Amino acid sequence: MGVRAFYTATVCDFLQESVDSIVGKISQQHCQDIVQLQMGAWQREIELLKECLPPFEGGHILIELQIPRMGRRADAVLIYQNIIYVMEFKVGAKAYHSHDLRQTHGYAIDLHHFHEGSHNKTIVPLLVATEAPAYQLALSQPVDHVHSPLRVSAKTLQEALTHCVRTIREPAPIDFQYWFESAYKPTPTIVEAAQALYANHDVADIARNDAGAHNLHVTSSAILDIVHRAREEKQKVICFVTGVPGAGKTLVGLNIATTSVNIDDDEHAVFLSGNGPLVDVLTEALARDAKDRNSNASKEVELRKAAARIQNIHKFRDEALLNPGKAPPERVVIFDEAQRAWDAESTAKFMVQKRGQRSFDQSEPEFLISVMNRHPDWCVIIALIGGGQEINTGEAGLKGWIDAIRSRFNNWHVYYSDKLKQAEYAGGDVEINGIQHARSRVAMHLATSMRSFKAERLSHMIHYLIENQPDRAAACYASFRSRFPIVVTRDIKKARTWIKDRARANETKGVIASSGGARLKPDGIFVKNKISAADWFLNEPEDVRSCHFLEDVATEFDIQGLELDWCLIGWDADFRYNQGAFEHWKFTGSSWKQRNRSAQKRYLENAYRVLLTRARQGMAIFVPRGELEDPTRPPQHYDETYSYLIRCGVQALES
């Protein structure tokens, strides 16, 4: 997929074409209802470009250039003398707002990261606030060939373009046709992907078209085919989809939930998750985005619409309890992180204590399947299975689902990933044999991480690190070190500065730590402080509640299933390296107590696995120095962990 724009021409042809003709071509491409205000903005933008571009007749102009990852369009892109100018117009604006600057900068950075023809090209973003006062024209030192945005008005736009041509020396050459046809391979965050899918963008428009995203498309298509076949042949089906961390399991689920919406055909789908923060963040993000796209929309109405597609699994369960025997309205349900469903003991305890179901004796997987089994003819369950992600006591893992099918629902048809039996997904002994209608499908596995577009092998490196294989971790990290910086420091201030210096435009940054990291508190990391996940992830950088402030901390429970561009990870003594091995501890009362049960150890390891695979672009790990005077934080609790991380190839910030 090359670049897409509503209008593309040489500057010479653009100058000769009438404003009305250009506006007409743009409006024909626009799929949404066009208000007069938008038409007026296009007209003023085109008039201004016609006034400014005569000195740049050798260039090319693109209007409404698609930025797939964001589900947005840059107002205009000019390519002239080997420089790419990304212009965002704010018609009538009298000031240069920080939000608009971040938006403009973000478009330019996206072009650099995800458009192959722009990787090593000089890019200059320009925020054009048409009525704003003149601002000093000073080009910053570029980072990855992208300059910081210039602030220009209608009166200074031509001057700014001329200044760049004169100032920038020997930019890398651009062949326009090659640039125009070069592949766009976006890698959206899960929030961006959900917003784009909810706004009716195709999954192909927001995901890379290389092998990883091809797998994503194949998996989505295979599941949709299974849904259609189940309806036609009146079958009850469960699909087990596996994938490495960040491979796009949640994206597959959201794609199904936003694609299977033909209620007349009974193929309405709902995405269910027991991950409360993920549900809160996604529904809030969808409502905010819908409101931004349509100023007349009601946020409350948009929240209800979003909740019809994305729900907390507990709401689904409680509805089923209130109406025993009644089938749910949805024929297709997607269970995110299905391995985290509760086992029989935990489910029964909850049902007795919290829901008054005194004779309840099912595991959560068994109950959820039984609810869908109320449909007399057909239904589909899509269970998304993450590897090494169990972080709560009482989680049944994959085995809970397989046992339920074998014991009570052997008439169901099962499609499962060919990787299902691997240890990181099974979490124990899982045997498919004996299930009557079970079929293995390669398409049910997502093998390539797309969370970190700069380091697809990050999850492998973290696996070796946690499994006490430092040499293999270091060798793995060496293969992507130049693209994905990981540093470790004993100084929290240095870690914060390092993160702040690297995050640009709308890139996200935040402090995360293990929920068991109670003794990070003296260094300002309060893991017991509850956050609003939606505010932390979505609020503007100026908001003290947002992740950008690097104050409030998110734990593995807040951030699982989500991601940040840059992470500052606090590493406490709960998971400490000592005499050649990791030890597992829990802070209780005023002292550390060792964890001895294997399940508790696995939950702690997985907590750190989650934390260490949240970053898309890089991370700083903070290991405290400790205090001799504090018996809960002696240096020996931390020193060997710091040294171990360096053995794994992580660079010491102090060096």
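This is a conversation about how some features of a predicted model are named.

Colleague: What should I know about the model before we start?

Modeller: The model is predicted, so local features need pLDDT of at least 70 and side-chain atom pairs count only at pLDDT 80 or more, while totals for chains, interfaces and linings use all residues. Residues are numbered from 1 along each chain as its sequence is written, and side-chain values use heavy atoms, with hydrogens and water left out.

Colleague: Why is Cys 547 called buried?

Modeller: Buried means under 20% relative accessible area, exposed means over 50%, and partly exposed is in between (1.4 Å probe, protein chains only). Cys 547 has 0% relative accessibility, so Cys 547 counts as buried. Cys 567 is also at 0% and therefore counts as buried.

Colleague: What makes Tyr 96 and Tyr 135 an edge-to-face pair?

Modeller: Rings of Phe, Tyr and Trp (its six-membered ring) pair if their centres lie within 6.5 Å; planes under 30 degrees apart count as stacked, over 60 as edge-to-face and the rest as tilted. The centres of Tyr 96 and Tyr 135 are 5.9 Å apart and the planes stand at 75°, so the pair is edge-to-face. The structure holds 23 aromatic pairs.

Colleague: Where in the chain do Tyr 96 and Tyr 135 lie?

Modeller: Tyr 96 is in the loop between strand 4 (83–90) and helix 4 (98–114), and Tyr 135 is in the loop between strand 5 (122–129) and strand 6 (150–152). The two are 39 residues apart, and the pair links distant parts of the chain. Helices (H or I, at least four residues) and strands (E, at least two) are DSSP runs, numbered from the N terminus.

Colleague: Are Tyr 96 and Tyr 135 buried or partly exposed?

Modeller: Tyr 96 is at 16% relative accessibility and so counts as buried. Tyr 135, at 43%, counts as partly exposed.

Colleague: What kind of aromatic pair do Trp 536 and Phe 537 form?

Modeller: Trp 536 and Phe 537 are edge-to-face, with 4.9 Å centre to centre and 80° between the planes. Trp 536 has a relative accessible area of 0% and is buried; Phe 537, at 9%, counts as buried.

Colleague: How do you know that a charge sits over the ring of Trp 585?

Modeller: The test asks for NZ of Lys or CZ of Arg within 6 Å of the ring centre and within 35 degrees of the ring normal. The charged end of Arg 576 sits over the ring of Trp 585, 4.2 Å from its centre. Lys 50 lies over the face of Phe 14, at 5.0 Å from the ring centre.

Colleague: Which residue stands opposite Arg 576?

Modeller: Glu 583 in strand 20. Strand 19 and strand 20 (residues 581–588) run antiparallel and are joined by four bridges; strands pair if DSSP finds at least two bridges between them. The open sheet here has the order 19-20-21. Strand 19 (575–578) and strand 21 (591–594) are its edge strands, each pairing on one side only.

Colleague: What makes strand 1 and strand 6 edge strands?

Modeller: Strand 1 (5–10) and strand 6 each have a single partner strand, so one side of each is left without a neighbour in the sheet. The sheet is open, with six strands in the order 1-2-3-4-5-6 and mixed pairing. Strand 1 pairs with strand 2 (residues 60–67) in the antiparallel sense over five bridges, and Thr 8 stands opposite Leu 62 in strand 2.

Colleague: What is the phi of Glu 170, and why is Glu 170 called exposed?

Modeller: Phi of Glu 170 is near 50°, a positive value in a residue other than glycine. Most residues other than glycine have a negative phi. Glu 170 lies in the loop between helix 5 (157–167) and helix 6 (176–181), and its relative accessible area of 77% makes Glu 170 exposed.
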